[in-house]
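The sequence and structure come before the details.

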Amino acid sequence: MTLQVKQRIPLKIKRMGINGEGIGFYKKTLVFVPGALKGEEVFCQIVSVKRNFVEARLLTINKKSKFRVEPSCAIYEECGGCQLMHLRYDKQLEFKDDIIKQALTKFKPLGFENYEIRHTLGMEKPEYYRAKLQFQTRAFGGSVKAGLYAEGSHRLVSIDDCLVQDQVTQQIINRVVELLDKYKVPIYNERKIAGIRTVMVRKAEKTGQVQLIFVTSRDVRLNEVILDLVADFPQIKTVALNLNSSKTSDIYGDKTEILWGVDTISEEVLDYGFRLSPRAFYQLNPQQTQVLYGQAVAALDVSETDHVIDAYCGVGTIGFAFADKVASVRGMDIIPEAIADAKQNAKAMGFENTHYEAGKAEDIIPRWYREGYRADAIIVDPPRTGLDEKLLKTILNYQPEKMVYVSCNTSTLARDLVQLAKVYDVKYIQSVDMFPHTARTEAVVKLIRR
C-alpha cells in the first residue's frame, strides 16, 4: 500500500530519531513524527512522502508515554528551537546516549560495537542556560520583532521570554527591540529593505559583562539606541556593528567595528580567566563548559614533556587548561579577532610556551611539521560540519600519540571516526548536555594511537 500526503494513519512509536522525532512503521514504511515519544500510540497525518520514508504530523495521542511532560514554554511547538521539552529531563539524557549509538551504528567505525559510551552529564537546573543569543529582526505591521525562524522556514517567531535563554540577555534584546522601534532604525527585509538583520547579545557568566553586535546590511545610526541601552544596562561593556550586505544565510560579514565601549569582555572557566572579543567563539552554556573542559583535560591526560596542538582554538580556552602542564601549546583559528584574543589571553596569564596563528588547521599544521614541530597530542573542537577533509588527512599523516575530539554533532563525529579508528583506539565517548531540551549534545572522545 502506498502512503499519500494528507492520509491519516495510526502508528506505534518504536524509537526516537536523531532530531528528537518519534519513529514507527506503517505497513513496513518508516514514518517520522515530530513530537511523538517512544512507546506512544498516536494518530498522525502524512505531510510528505520520500523515497524510503514518510513524514507525518502528530494529530492525537491515544496512549501517552509515562515520561511525557507538559512543556513550560508557550511557543514551544511554534518556535522549534527546542525539540525535547515534552520529554522528562532524565530521559532526555538517555536519548542523548542513544543518538551517539545511532550515529555509530549508521557509520560503523572500526570496533564501534565495543566503544564505551558514558552516560550524558546533565544539568541540575536545565533552564536559562544560554549566555548568548542571536535573534533575527524583522518589521511587522510597522513594529519591530526579534526572534528565531520557525523550523525549516524563514517565518520569524517573535520571542520575548525564552525558557533556555539567560534572563538578562533576554531583557536586553527586548529593550533593543523597543529602541529600534522608537528611533525608527531601518530593519532588514529579504525583499527590498536594507538595515538591521540580526542582533547578538552575549553575557560573561563570571563577571556579568555583556557585549552586543548589531548586524546590518547598510550603514545605520545607532547613537540614540546605544545611549539608552547602556543607561538601562550598565553591565553592557561593548557594542559593535557588523556589516553583512550579502544575500547568503551567513549571519556575519567580514567587517566588525566597535561603536561603543571596550574591545573585549572578561570571562572565566576552570581556574583561569580570559577575554572575548565580540566575534570570538565561546561555548554558549557556561555552566556546562566547566564540565566539558574538565572532561577534555581528563581525556587528553598530558605530561610535562608533551607538545599540544589546539585546532579550532578560538580564544584559546581549551588549550589554556593544558598550558601549565605541558612543554608547549600551539593553536589556530580562522577568525583573526579570536587569535588576537588568544595571544592577549596567553600573555595576561604569563604563558610563554604558547603560539597562535590565524588560518586553517589543514594549512598551518603541515607547515609547522615542515619547520620541525612535532605534536604529542592534539585536541580538535570543530564546527557542526566536523573535521575538514584535509585536516583529517593531516592528522592521519602525522598521527600524534594522543587525541581528544570534542564534537557538537554526533553524525559528523561518527563519520570522522571511520577514518580515525583506522589509526586510533577509541577509549571512550563522554557526552555532556550543553543544550538541554534540544536534540543536540556535545561529546568528548578519548583516542590513543595504536
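## Helices H9 and H10

In this predicted model, the axes of H9 and helix H10 (residues 410-420) come within 10 Å and cross at roughly 35 degrees. Axes here are lines fitted to C-alpha atoms, for helices over the stretch in contact, and angles run from 0 to 180 degrees between N-to-C directions. Helices (H or I, at least four residues) and strands (E, at least two) are DSSP runs, numbered from the N terminus. The contact (heavy atoms within 4.5 Å) is made by Leu-392, Ile-395 and Leu-396 of H9 with Asp-416, Gln-419 and Leu-420 of H10. By class, the contact of H9 with H10 has 4 nonpolar, 1 polar and 1 charged residues; Ala, Val, Leu, Ile, Met, Phe, Trp, Tyr, Cys and Pro count as nonpolar, Asp, Glu, Lys and Arg as charged, and the others, Gly among them, as polar.

The crossing of H9 and H10 is right-handed. A crossing is right-handed if the near helix is turned clockwise from the far one by less than a right angle, and left-handed if anticlockwise.

## Basis of the values

Residues are numbered from 1 along each chain as its sequence is written. The model is predicted, so local features need pLDDT of at least 70 and side-chain atom pairs count only at pLDDT 80 or more, while totals for chains, interfaces and linings use all residues; side-chain values use heavy atoms, with hydrogens and water left out.

## Helices H8 and H9

Helix H8 (residues 361-370) and helix H9 (residues 389-398) have axes that come within 8 Å and cross at roughly 25 degrees. That makes H8 roughly parallel to H9; angles under 35 degrees count as roughly parallel, over 145 as roughly antiparallel, 65 to 115 as roughly perpendicular and the rest as oblique. The crossing of H8 and H9 is left-handed.

On the H8 side, Ala-361, Glu-362, Asp-363, Ile-365, Pro-366 and Tyr-369 meet Lys-390, Leu-391, Thr-394 and Tyr-398 in H9. By class, this contact of H8 with H9 has 6 nonpolar, 1 polar and 3 charged residues.

## Helices H2 and H10

The axes of H2 and H10 come within 8 Å and cross at roughly 40 degrees. That makes H2 oblique to H10, and the crossing of H2 and H10 is right-handed. H2 contributes Ile-99, Ile-100, Ala-103, Leu-104 and Phe-107, and H10 contributes Thr-410, Ser-411, Ala-414, Arg-415, Leu-417 and Val-418. The contact of H2 with H10 has 8 nonpolar, 2 polar and 1 charged residues.

## Open sheet

An open sheet of 8 strands has the order S6-S21-S22-S20-S19-S16-S17-S18, with mixed pairing; two strands pair if DSSP finds at least two bridges between them. Strand S6 (117-121) and strand S18 (354-358) stand at the edges, each with a single partner strand, so one side of each is left without a neighbour in the sheet. The twist averages 15 degrees from one strand to the next.

Strand S16 (residues 307-311) and strand S19 (residues 377-380) run parallel and are joined by 4 bridges. Ala-311 stands opposite Val-380 in S19. Helix H2 (residues 89-107) packs on the sheet, touching S6, strand S21 (424-432) and strand S22 (442-449), and its direction makes about 140 degrees with that of S6.

## Barrel and domains

A barrel is closed by 5 strands in the order S1-S2-S3-S5-S4, with mixed pairing. Its twist averages 50 degrees from one strand to the next. Strand S1 (residues 8-16) and strand S2 (residues 22-26) run antiparallel, with 3 bridges.

An automatic or database domain assignment divides the protein into domain 1 (7-68), domain 2 (94-124 + 285-449) and domain 3 (132-269). The C-alpha centres of domain 1 and domain 2 lie 36 Å apart, and 6 residues of domain 1 are in contact with 6 residues of domain 2.
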